[in-house]
Amino acid sequence: MTGHDSYNRCMALLGYTAAENEAILGKTFLGRMPEIINQIAADLKLSGVESLDTEIDATAAKTDALCYGCTMLLALSENDGAKNQLFANIYNAKRSAALGHTATIEDVLPSTVSGGI
């Protein structure tokens, strides 16, 4: 995955269309993206990037967490508190899985039969 791939995934996660991305957001987000990637990469114990053309060498779990973390920071930079909170929760779960060597985190509700909530 390259920085550009991560950027495109972030835009899709935020729900921005290609037209919005190019016309309004592309210049501002693209300029911030290497710094944002480097912030999340440091948190995930990955090497940073110099440009968006740089290949990010990481496991699938870490690249997944990286995309959600970058999306979280982009939402924060746009003052979108609801999306920021949503992506912060997802990022924290994926970060724990990526750094804790957990195979997967399933999106399921706890069972009341098995002693869940």
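1. Helices are DSSP runs of H or I, at least four residues, numbered from the N terminus.

2. The model is predicted: local features need pLDDT of at least 70, side-chain atom pairs count only at pLDDT 80 or more, and totals for chains, interfaces and linings use all residues. Residues are numbered from 1 along each chain as its sequence is written, and side-chain values use heavy atoms, with hydrogens and water left out.

3. α3 is mostly covered, with 14 of its 18 residues buried. Buried means under 20% relative accessible area (1.4 Å probe, protein chains only). After α3 comes N79, with a positive phi near 60°.

4. There is one aromatic pair. The ring centres of Y68 and F87 lie 6.1 Å apart and their planes meet at 35°, so the pair is tilted. The rule takes Phe, Tyr and Trp rings (the six-membered one for Trp) with centres within 6.5 Å; planes under 30 degrees apart are stacked, over 60 edge-to-face, the rest tilted. Y68 sits in α3 and F87 in helix α4 (residues 81-99), 19 residues apart. Y68 is buried at 13% relative accessibility, and F87 is buried at 4%.

5. S6 lies in helix α1 (residues 3-14). S6 is buried, at 0% relative accessible area. Leaving out residues up to four places away in sequence, S6 touches M1, M33, I37, L66, C67 and C70. Contact means heavy atoms within 4.5 Å.

Conventions. Buried means under 20% relative accessible area, exposed over 50%, partly exposed in between (1.4 Å probe, protein chains only). Helices (H or I, at least four residues) and strands (E, at least two) are DSSP runs, numbered from the N terminus.
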